[in-house]
Amino acid sequence: MLTNAPRGTKDILPDKIGDWVNLEKKIRDICHRFGYEEIRTPTFEHTELFQRGIGEGTDVVDKEMYTFTDRGNRSITLRPENTASAVRAYLQNKLYATGNLVKLFYIGSMFRYDRPQAGRLREFHQFGIEALGEQNPAVDAEVILLARDFLKELGLEDLTLKINTVGCPNCRPVYRQKLKEYFSGHIDELCEDCRSRLEKNPMRILDCKVDGEKDFTEDAPKIKDCLCDECREHFDKLQGFLQAAGADFEIDNRLVRGLDYYTKTAFEIRYNPLGAQSAVAGGGRYDGLIQEIGGTPTPAVGFAAGLERVLIALETQNLLKTPEKKIDAFVVTVGDEAELHGFKLMSDLRRKGFSVARDFGGKSLKSQMKLAAKSGANFALIIGEDEVTSATVTLKNLETSEQKKISSGEVENFLK
């Protein structure tokens with residue numbers, strides 16, 4: 001039906017916009033404190049960017065992307081995530097030229113063809129950060145702490161930080177081979193998708209929504225037993241930085257994240273009351289992505305948080321308390337000439353920074369006063385024939401019902 005939004009999308013109506021504005025303000029405040037600058041990338045990109053960046057064989061690329069051919073016969077995809085786009089912008093605009101660590105954040109819509117459910121829509125919104133150009137595990141820790149502090153400062157409790165390492169191109173092939181050998185012994189228990197993953201990328205089995213929680217995955221080989229010295233040292237140092245900052249965490253050997261570009265650090269922050277969809281933020285290091293897209297080898301780390309899930313978590317704890325926006329005044333007029341005077345007064349007051357409303361439907365004085373009371377305005381500014389003649393306004397306090405006449409020129413000072 002034309003009167004319904006497409007499945008998996010949702011209107012954000014005026015009564016909820018305040019929650020989003022407050023959330024975005026918190027994002028910008030904390031990113032400023034941590035030294036991250038905002039970036040806005042196109043809503044769509046060349047499909048190959050995500051195929052190469054995210055990795056074929058992942059659910060995102062194989063099943064969930066919104067891809068179409070444009071009129072120039074180019075394959076275009078609505079962004080399913082923003083890291084690949086941020087990296088493309090980093091390369092195209094030569095943000096690396098200073099040689100310094102580049103710290104970016106973004107807020108925007110992402111698109112994935114998924115089964116709609118609470119906190120998981122086909123058009124959803126993410127806040128994310130990317131730190132590009134430094135391999136020090138202290139940067140990984142900073143990224144994790146920003147995500148944790150953001151959620152804690154919103155007032156969320158019962159948060160769990162899970163961390164893991166997914167190795168690097170030197171040690172991960174050894175781990176993949178061990179997983180392949182192990183899961184081959186459980187092939188009859190694997191879902192159809194995971195049987196395909198067994199050959200392409202057996203690590204994805206640990207991340208599978210179906211098989212990832214089955215008992216036999218508990219006994220699967222652990223990547224910690226396959227790490228090279230560099231990856232082991234990086235993971236040990238990361239834990240040291242988190243401990244130094246007083247951050248509680250748990251090591252989760254099955255945490256591999258859903259995208260192929262991760263190397264070394266992977267993490268999630270879960271809000272446990274959300275149950276199966278408890279992950280509200282997650283990310284990790286992706287040292288190979290920039291080279292994969294066409295740049296020189298560059299270390300990088302980041303995370304993304306799903307804002308719909310964050311808002312559900314805030315609602316669960318009764319933390320969504322958008323302040324009521326009061327209107328300064330409601331203009332009430334009786335008669336054509338009074339309407340002109342009222343319109344001028346309203347326009348003048350708005351230009352001077354006041355919030356002013358009025359009725360445009362030609363309603364009676366009684367009906368206009370009812371609208372004024374419902375509007376939440378502090379005062380009604382009443383103009384009739386007498387007020388036009390005497391260049392005055394009858395000002396009524398809508399809370400106390402007290403009223404008095406003042407000159408038109410005094411209205412601004414009175415409202416101040």
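1. Alanine 391 counts as partly exposed, at 45% relative accessibility (partly exposed lies between buried, under 20% relative accessible area, and exposed, over 50%, with a 1.4 Å probe and protein chains only). Its phi is near 55 degrees, a positive value in a residue other than glycine. Alanine 391 sits in the loop between helix H14 (385-390) and strand S15 (392-397); helices (H or I, at least four residues) and strands (E, at least two) are DSSP runs, numbered from the N terminus.

2. This is a predicted model, in which local features need pLDDT of at least 70 and side-chain atom pairs count only at pLDDT 80 or more, while totals for chains, interfaces and linings use all residues. Residues are numbered from 1 along each chain as its sequence is written, and side-chain values use heavy atoms, with hydrogens and water left out.

3. Aspartate 158 also has a positive phi, near 60 degrees. The loop that holds aspartate 158 runs between helix H5 (137-153) and strand S7 (159-165), and the residue is partly exposed at 47% relative accessibility. Most residues other than glycine have a negative phi.

4. In helix H2 (residues 47-54), the buried residues are Thr47, Leu49, Phe50, Gly53 and Ile54. Seen down the axis of H2, they fall within an arc of 160 degrees, so they line one face of the helix (the arc is that of the directions from the helix axis to the C-beta atoms). Just after H2, glycine 55 takes a positive phi of about 110 degrees.

5. Isoleucine 17 belongs to helix H1 (residues 14-34) and is partly exposed, with a relative accessible area of 36%.
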